[in-house]
Amino acid sequence: MTFDISLLEPNDVSINLKLFKLLYIFPLFDPKSKTICNFNVYHLAWYIINCVIGCIVVYGFFGYFTEMEDEIDIVDQIQLIYMYLLYSVGLLKIATFLYKANKIWDLLRVTNIHFLTSTQCQTHIGILLKYRKKSIKISNTIICIGIVNTIQWTLYPQVLLLLQKFNAYQSNRRFENIMNFRFPVTINDYNNNYVKFYMMESSTAVFLFYINVVIDIFFISICFVIIAQYEMIKRAYESVNSELNSENNNEKKNEFNVNNFEDLVSIMKDQQKLFAKLKLFYTTYKFIILSTVIINSGSMVILTFASVVVFTSSESMPIFGVIKLISAFGYMLIVLFFICYLLERINNKMKSVHFGMYNSGNWTSMNLRSKKMLLLSMQLNNANEFMIKLTPRKIVNLQLFNSVIRININIYIIIIYYNNIIYNHRITQIWIN
């Protein structure tokens with residue numbers, strides 16, 4: 001099957017082609033991209049960008065190993081931990097995309113509208129079109145949320161600086177920045193060169209937005225395609241099953257319908273072809289999925305703790321700082337939900353294919369050759385079960401997502417309960433005295 005993104009129209013593929021072309025993601029994989037000495041120009045550009053951003057992040061970490069004039073509070077420390085975790089998973093994502101570019105390009109073939117070639121599957125192409133609309137809507141929404149979050153984080157220090165413009169330069173503390181990296185410089189040098197440090201953190205924020213959001217919506221789009229195509233295969237089996245049953249219920253029960261048998265064979269080939277792409281998708285994306293689940297879960301716990309500390313603190317915090325925490329938590333929550341939800345949907349759709357093989361009527365009434373073909377398809381479907389697991393017993397699904405939510409709720413309850421105990425103890429001491 002020939003596959004050239006540059007020649008395809010948005011209606012030829014089942015992903016948000018306009019958005020991905022706008023984001024310039026395909027040149028990373030396209031074998032026809034510009035090269036220098038047989039080296040992809042876009043890969044070279046991303047290696048340079050990774051080195052520059054990596055130097056900024058490392059430089060911003062040196063402050064922890066040098067004696068500083070000021071100290072940062074626990075909320076800023078938690079935010080820094082969150083940003084370093086986000087940078088780690090972002091670096092892992094782009095490294096995986098660059099290293100496995102050829103595999104991802106091969107994986108993109110599954111997004112072609114005509115990837116499933118059997119007549120029965122193409123009959124149910126409306127399922128794929130329905131999922132494509134849903135995928136485009138969700139990917140556009142997530143990219144908008146990512147842009148809004150990045151703008152909020154980027155503009156927050158400027159708004160705060162404007163509100164403090166009368167006494168900011170007289171205060172003996174560093175100006176507020178996007179992530180408040182601990183650059184190993186004095187307060188005076190930092191404030192005098194604030195624009196440079198702000199630009200350094202801004203470039204890091206844009207890098208984190210692009211890498212994490214773009215690769216997240218790419219993952220979500222591929223998942224929707226696979227779910228839709230497994231649904232098409234299920235419906236195709238049901239259609240052939242109905243035809244075979246009706247054919248076997250007439251007076252010529254022992255006659256064999258050659259066209260229906262060929263349909264079964266072509267559907268089974270489509271099923272195996274789709275599973276090969278699913279396996280390629282999982283093997284390519286497995287490390288990214290697991291690291292994203294772990295880091296997003298950890299980041300949500302960190303942000304929950306920071307939010308509770310802020311809300312229970314006696315000191316006031318600007319409303320933009322609160323929005324910053326909430327928006328970051330919200331994005332992590334959305335991405336983690338979609339990872340768990342879509343992987344569970346894929347597992348369920350694979351299992352539903354098995355039921356689709358004998359869902360319409362009594363399949364045991366088929367002739368022997370058709371019956372053997374269906375039984376072979378069932379055995380292959382059972383043998384092809386493939387799931388992403390966090391541990392040998394813990395599958396990445398909605399149950400895992402619920403566990404993370406429960407942990408965050410428990411953290412909130414524990415901290416509130418602990419603060420209430422301290423408050424009551426203080427009131428008791430005051431009353432005794």
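Colleague: Which helices each supply at least two residues of the lining of the largest cavity?
Modeller: In this predicted model, α3, α6 (125-163), α8 (194-248) and α10 (319-356) do; helices are DSSP runs of H or I, at least four residues, numbered from the N terminus. Local features need pLDDT of at least 70 and side-chain atom pairs 80 or more, while totals for chains, interfaces and linings use all residues. Numbering starts from 1 along each chain, and side-chain values use heavy atoms, without hydrogens or water.

Colleague: Where does the largest share of that lining come from?
Modeller: From α8, with five residues. The lining has 16 residues in total, and Tyr82, Leu86, Asn149, Thr150 and Phe209 lie nearest the cavity's centre. Lining means an atom within 4 Å of a cavity point, on a 1 Å grid where a 1.4 Å probe fits but cannot get out.

Colleague: What's its volume?
Modeller: About 240 Å³, counted as the space filled by probe spheres set on the points. The whole structure has five cavities of 30 Å³ or more.

Colleague: And how does the lining divide?
Modeller: Into 12 nonpolar, four polar and no charged residues (Ala, Val, Leu, Ile, Met, Phe, Trp, Tyr, Cys and Pro are nonpolar; Asp, Glu, Lys and Arg charged; the others polar).

Colleague: New topic: at what angle do α2 and α3 cross?
Modeller: Helix α2 (41-61) and helix α3 (74-99) cross at roughly 160 degrees, their axes coming within 12 Å. That makes α2 roughly antiparallel to α3 (over 145 degrees).

Colleague: Which residues make the contact?
Modeller: On α2, they include His43, Trp46, Tyr47 and Ile53; on α3, Tyr84, Tyr87, Leu91, Ile94 and Leu98. Contact means heavy atoms within 4.5 Å. The contact residues divide into 10 nonpolar, four polar and no charged.

Methods. Axes are lines fitted to C-alpha atoms, for helices over the stretch in contact, and angles run from 0 to 180 degrees between N-to-C directions. Angles under 35 degrees count as roughly parallel, over 145 as roughly antiparallel, 65 to 115 as roughly perpendicular and the rest as oblique. On a 1 Å grid over the protein atoms alone, a cavity is a set of points where a 1.4 Å probe fits but cannot get out, and a pocket is an open set with protein on both sides within 12 Å along at least five of seven lines; lining residues have an atom within 4 Å of a point.
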